[in-house]
Amino acid sequence: TTSGEFWNGESVNNLYILNEDLEVVGSVEGLAEGERIYSTRFLGEKVYLVTFRQVDPLFVIDTSNVEAPKVLGYLKITGYSSYLHPYDETHLIGVGMEASEQGRVQGLKIALFDVSDFANPKEVDSYEIKEGSYSSSDALYDHKAFLFDKEKAILSIPVSYNDYENGKYEYWQGAYVFNVDVEGIDLKGKISHDVSEQYWGGYVRRSLFMDDVLYTISNGKVKANRISDLSEIKEIELPKEEGVYY
């Protein structure tokens with residue numbers, strides 16, 4: 001939980017453990033004063049918790065003793081992760097936003113964390129989407145927009161960004177596909193869903209794969225690309241429904 005007033009810097013963050021009768025049996029209180037929780041991930045007896053205001057502490061909390069949970073360590077980096085996904089038992093993938101040292105939010109950021117040493121978690125690698133003046137993704141707040149497969153070593157998330165030049169906005173919509181392993185994150189390629197006459201029509205909502213084909217789905221179209229090199233196999237434009245906002 002985050003309690004208090006975040007906007008005036010008087011917030012605190014807390015972890016509570018409840019029994020089957022919803023009675024508090026253990027807690028860690030007062031974490032990261034002046035910040036708020038952006039994401040959590042529960043893995044076994046460990047809780048990984050991200051807070052943010054100016055920099056991003058990733059806390060590692062041990063809950064093996066439910067009556068006395070304790071912080072084992074934390075990592076402070078710029079930006080934040082609003083979604084955490086397990087890569088394996090000792091690594092996490094984070095999707096969020098990069099930020100300046102002053103807390104000014106910048107572009108989308110995908111990060112890989114090594115949490116094998118609970119007292120000293122590390123950011124192994126990260127990739128910041130620097131295209132455009134503003135970038136966003138459904139994966140920031142909808143975990144179903146996040147596609148990861150360890151065996152195929154691929155990660156796919158929807159991305160949109162815009163640039164403002166010469167008095168007009170230029171938009172890009174589609175999916176970014178990454179190769180991810182314990183060594184780091186590399187951009188494999190981008191799959192565009194631009195639909196020039198329908199701004200929201202090209203905003204990718206979901207990705208999935210069957211065999212060796214990656215499918216990306218937006219309001220405007222469905223695209224099939226080979227996972228091996230992301231070459232396009234086929235796309236199908238979807239009819240625009242009357243009365244539906246794109």
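Start by selecting β1 together with strand β2, residues 12-18: the two run antiparallel and are joined by two bridges. Within that pairing, click on Ser3, whose bridge partner in β2 is Val12. This is a predicted model, so keep that in mind at every stop.

You now have an open sheet of three strands, ordered β1-β2-β3 and paired antiparallel. The edges are β1 (2-3) and β3 (24-31); each has a single partner strand, so one side of each lacks a neighbour in the sheet.

Now zoom out and colour by secondary structure. The protein has 20 strands and zero helices. Its C-alpha trace spans about 55 × 45 × 35 Å along the principal axes.

Time to go inside, where 48% of the 246 residues count as buried. Select Ile93, Phe113, Phe146 and Leu155, the residues with the most contacts inside the largest nonpolar core, which has 38 residues. Strands that each supply at least two residues of this core include β5 (46-52), β9 (91-99), β10 (105-114) and β14 (154-165). Apart from this core lies another of eight residues, among them Leu15, Val28, Phe59 and Ile61.

What is Ile93 in contact with, leaving aside its neighbours within four places in sequence? Show its surroundings and you will find, among others, Tyr83, Tyr87, Ile110, Leu112, Phe148 and Val180.

Notes
Residues are numbered from 1 along each chain as its sequence is written. This is a predicted model: local features need pLDDT of at least 70, side-chain atom pairs count only at pLDDT 80 or more; totals for chains, interfaces and linings use all residues. Side-chain values use heavy atoms; hydrogens and water are left out. A nonpolar core is a set of buried Ala, Val, Leu, Ile, Met, Phe, Trp, Tyr and Cys residues joined through side-chain atoms within 4.5 Å. Buried means under 20% relative accessible area, exposed over 50%, partly exposed in between (1.4 Å probe, protein chains only). Helices (H or I, at least four residues) and strands (E, at least two) are DSSP runs, numbered from the N terminus. Contact means heavy atoms within 4.5 Å. Two strands pair if DSSP finds at least two bridges between them.
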